[in-house]
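Good morning, everyone. Please bring up the sequence and the model, and I will walk you through a few places in it.

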Amino acid sequence: MFPPPFFVNASLKSAGRVLILTTNWMMNSLRKLVSCVILDLDGTLVNTDGIVSEVLKVYLVKYEKKWDGREAHKIIGKTPIEAAAAIVEDYELPLSKEDLLSEISPMFSDQWCKLKALPGAYRLVKHLRGHGVKMALASNSPRASIETKISYHDTWKESFAAIVAGDEVKAGKPSPEIFLEASKRLNVDPSKCLVIEDSLPGVAAAKAANMEVVAVPSLPKQSHLYTDADEVITSLLDLHPEKWGLPPFEDWIDGTLPLEPWYIGGPVIKGYGRGSKVLGIPTVEGYATVLSENPAGVYFGWAKLSNHGFYKMVMSIGWNPYFNNTEKTIPWLLHKFDKDFYGEELHLLVVGYIRPEANFPSLESLIAKIHEDGKRAENALELPLYAKYKDEMYFKSIAHGQNSHL
């Protein structure tokens, strides 16, 4: 199965013609041939930012200060001592950056066991390893911290042919030294390396090392800042290795990517808002908890309304650039309801992914894309792979084991 955006017309029955089309598509889409991948860790493979925020919220109370995340961009991608210096300065703390680092490091160490892999991370590492693609890990974090973090993720340590830490080089990112050392340990020319990074210092370091770089910004609405990256994607789910001459993923099915199912549920507190009135589709939005662990994009699955039953569902997680929303929203159920259902329990089981969030030049093009997504989801949910999840007992078992709420 070819990954999006390539689709073979059903009328093309000749294997030879399909092969020619595939070759032409890859030639037109290929950016540059690479032979290895160098991955950042924090914010790229694991959701470190969430733990950093929680620790800083707790720690700063000691000085009657409040962490609200607005300064996150000042510490993402920095070395630990640089991040500590930024916090001391911004919050006017009465201690040195070294003392702050000494006090706060044990707090972080206690939390690494809760560190979650970002969506698509396991899939990517498994895919590259399975195809024999050389991989290295290059992080500004100290070696001991890296070892601890990856120890909670099965097979990761043995998947990397080289690991380069911030305390093993003279200068961390944005210096290119850490990436040059990684390519040296892999015995691969820097120009043949593809770096995957979430931070601006990381992107700068990779380009200074004469490497290709795909940026996966860890902060929302920051993609426009990554002008030096060769490609900017929303999440690892959107990475297409074949663009770089690497083996393509083979798990896309009819333009959809199967996911490990995840559940959210709770009462509908607002419905039929702007999305319904402007876009002409039934919409449910205004959830109490922002789905911060999931990248912006279009998902699909099954919905269960406590008083109505089961329905096919498409979810747009993100800020909807066309409307420039300030919060993540989750539109819409693939069903036309004749009345509101405020207060009713809505349970969603997400089983697949369609595409990243995108902006559109007109309302008409946005509406057309929404209906295209809906049709794709509607057809996909008829496949046994996805249809099997429409089961009340499955919803109950998932709900019992998870605590996410709308």
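How many helices and strands does the secondary structure of the protein chain come to? It comes to 13 helices and 10 strands. Keep in mind that this is a predicted model.

Some totals to begin with. The protein chain has 406 residues, and 49% of them count as buried. The accessible surface comes to about 19300 Å². Carbon and sulfur atoms hold 53% of that surface. Now take the contacts between residues at least 6 apart in sequence. Of these, 69% join residues at least 24 apart.

Next, helix packing. Two packed helices are described by the angle between their axes and the distance between the axes. Find helix H2, residues 48-60, and helix H4, residues 97-109. They pack at an angle of about 120°, and their axes are 10 Å apart. So H2 is oblique to H4. The crossing of H2 past H4 is right-handed.

Which residues meet there? From H2 come Ile51, Val52, Val55, Leu56, Val58 and Tyr59. From H4 come Leu100, Glu103, Ile104, Met107 and Phe108. By type, this contact of H2 with H4 has 10 nonpolar residues, no polar ones and one charged.

H4 also packs with H3. Here the angle is about 110°, with the axes 8 Å apart. That makes H3 roughly perpendicular to H4. On the H3 side, the contact uses Pro80, Ile81, Ala84, Ala85, Ile87 and Val88. On the H4 side are Lys97, Glu98, Leu100 and Leu101. The residues of this contact of H3 with H4 divide into eight nonpolar, no polar and two charged. Look at Leu100 in particular. Leu100 meets residues of H2, and Leu100 is also among the H4 residues that meet H3.

Stay in this region for Leu60. This residue is in helix H2. Is Leu60 buried or exposed? Buried, because its relative accessibility is 0%. Set aside the neighbours within four places in sequence, and Leu60 is in contact with Lys65, Lys66, Trp67, Tyr91 and Leu93. Leu60 and Ile87 are 27 residues apart in sequence, and their C-alpha atoms are 9.8 Å apart. Ile87 is one of the H3 residues that meet H4.

Now the backbone. Most residues other than glycine have a negative phi, and most peptide bonds are trans. Here are some places that depart from that.

Start with Glu92, in the loop between helix H3 (80-91) and H4. Its phi is positive, near 50°, and Glu92 is not a glycine. Glu92 counts as exposed, because its relative accessibility is 63%.

Then Asp254. Its phi is also positive, about 50°, and again the residue is not a glycine. Where is Asp254 found? In the loop between strand S6 (231-232) and strand S7 (257-267). At 44% relative accessibility, Asp254 counts as partly exposed.

Helix H5 covers residues 121-130. Within H5, the residues Ala121, Arg123, Leu124, Val125, His127 and Leu128 are buried.

Which residues does a cis peptide bond join? Lys173 and Pro174, with omega about 15°. Pro174 lies in the loop between strand S3 (162-164) and helix H8 (177-186).

Val203 is found in helix H9, residues 200-208. Val203 is buried, because its relative accessible area is 3% and buried means under 20%. What is Val203 in contact with, leaving aside its neighbours within four places in sequence? Glu197, Val213, Ala215, Tyr226, Asp228 and Ala229.

One last stop, Asn187. Find it in the loop between H8 and strand S4 (193-197). With a relative accessibility of 68%, Asn187 counts as exposed. Asn187 and Cys36 are 151 residues apart in sequence. In space, C-alpha to C-alpha, Asn187 and Cys36 are 10.0 Å apart.

That is the tour. Thank you.

Key:
Residues are numbered from 1 along each chain as its sequence is written. This is a predicted model: local features need pLDDT of at least 70, side-chain atom pairs count only at pLDDT 80 or more; totals for chains, interfaces and linings use all residues. Side-chain values use heavy atoms; hydrogens and water are left out. Axes are lines fitted to C-alpha atoms, for helices over the stretch in contact, and angles run from 0 to 180 degrees between N-to-C directions. Helices (H or I, at least four residues) and strands (E, at least two) are DSSP runs, numbered from the N terminus. Angles under 35 degrees count as roughly parallel, over 145 as roughly antiparallel, 65 to 115 as roughly perpendicular and the rest as oblique. A crossing is left-handed if the near helix is turned anticlockwise from the far one by less than a right angle, and right-handed if clockwise. Contact means heavy atoms within 4.5 Å. Ala, Val, Leu, Ile, Met, Phe, Trp, Tyr, Cys and Pro count as nonpolar, Asp, Glu, Lys and Arg as charged, and the others, Gly among them, as polar. Buried means under 20% relative accessible area, exposed over 50%, partly exposed in between (1.4 Å probe, protein chains only). Accessible areas come from the Shrake-Rupley method with a 1.4 Å probe; for residues, only the protein chains shown count as cover.
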